Amino acid sequence: MALIRLSVVLLLLAAPLVHMHGFFNQWRSGHSVNTEKCFCELSGVVEDCCCDISTVESLVAKLHPKLDYLLKRNYFRFFRVDLNRPCPFWTDDGACHLKDCSVSACSEDDVPVGIKAGPPPAVAGIEPSCKREKDLSRVDATLSDVNKEAFEEWHRYDTVNDSFCILDDEMSKADQLEYVNLVLNPERYTGYRGPSARRVWDAIYQENCFKPKTSPSKNPFMPEQQLSGLCREKRVFYRYISGLHASINVHLSAVYLKPGFASVWGPNEEEFARRFHPAHTDGQGPIWLKNLYFTFLLVLRAITKADSLLLKEQFYTGDSVEDALVQTKVAELLNLTQSCPSTFDESTLFTGPDAPRLKEEIKAHFKNISLIMDCVGCDRCRLWGKIQVQGLGTALKILFSDQGPKWRTTPFLKRTEIVALFNAFGRLTSSIKALELFGKRPS
């Protein structure tokens, strides 16, 4: 009998945690949770996009394994972050003391030398043979040191002015930043919830997501029927944030700590239903899931638009074999994204006479959201909140840059932005894929 019990334990330890459907169905009180109604909106064309649900799911099935492989490579798994910057909007509620909230930072020896030091000039810049480089070289020869410094400051201003979010390496001193290995600190349910977590999302929705002036509701989540009272730009902004929120909620439900077990994680259908079932969300949960598809499509469009820039990127870590492999895998991924028909048409936004003011207003709101991530009380949640918000902000920067076609031929994105963009895209992709764990059938 003891031998049988030992065999069962070894079998459970050897099984992949996320795929143990039968085992995790024993978490609850012995009855199955019906999640079918959570998916009732997942059909047809995604609102404000040019693509339907079934096309998205077909593409996700192909993208997911490639992204999963890519995000484990050194270039994408080391992220530099400041997790100790105080909340700029309210008095800190206090840090989460649950052990699963903690983040293990890297030691200096863990981080590849090329990532810490940055690429050498020949790799970081544009090839000297390019005409633009030659022209700049001739101009620089006539500039004084003072003017060169001013020129560099203007470039820095242009880059920041183009951004939709605040990056840690722009706000924090070097000694406040630390590298984190994202593979060793995955996003999952930590137990962080309650007033502190609600305050963060309330601040995002109530103060930074736009609402119709006639809306009497104090509910932070806007009912779908009220979105028609917004201009398309503000409607897109709301769906974009709602899709991010839905994605995070899917992750937390899919990688949930089994009660009573120290390190057993997997899908929790009750938690998923609590977050998305119409009966628990005033009918809005299925719409939030559809917004997940919207956010995926918008980020996909940004990556597709930036393909010429990303194909030139060296993904430098100092290991020539690793760097060449990543370049090849990124090219394969970009080729796959190009196979998708039109997803989102950004040219229809910011076209009216009020466009400059509206764009600056939306930039300011998104930058506020990036700063609100410093108010998250759980370090693990703060880390992944920062990564995903910065990734979505990078996508907006690509789609709505004021630099026009010039950014396609200049060093437009920092390594931090590229890492955040791909990891955010990976999270959105894995969220859509994870819906299968909760009974989602192909559309």
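Biologist: Which elements are included in what covers the buried residues of helix 12?

Modeller: This is a predicted model, where local features need pLDDT of at least 70, side-chain atom pairs count only at pLDDT 80 or more, and totals for chains, interfaces and linings use all residues. Residues are numbered from 1 along each chain as its sequence is written, and side-chain values use heavy atoms, leaving out hydrogens and water. Helices (H or I, at least four residues) and strands (E, at least two) are DSSP runs numbered from the N terminus. The cover, by contact (heavy atoms within 4.5 Å), includes helix 11, strand 3 (256–257) and helix 13 (285–305).

Biologist: Why is helix 12 largely enclosed by the rest of the structure?

Modeller: Buried means under 20% relative accessible area with a 1.4 Å probe, protein chains only (exposed is over 50%, partly exposed in between). Glu-269 and Phe-276 are among the buried residues. Helix 12 (residues 269–276) is largely enclosed because the buried residues number six of the eight.

Biologist: How are helix 10 and helix 11 oriented to each other?

Modeller: Axes are lines fitted to C-alpha atoms over the stretch in contact, with angles from 0 to 180 degrees between N-to-C directions. Helix 10 (residues 195–208) packs on helix 11 at about 170°, the axes 11 Å apart. Over 145 degrees counts as roughly antiparallel (under 35 roughly parallel, 65 to 115 roughly perpendicular, the rest oblique). The pair is therefore roughly antiparallel.
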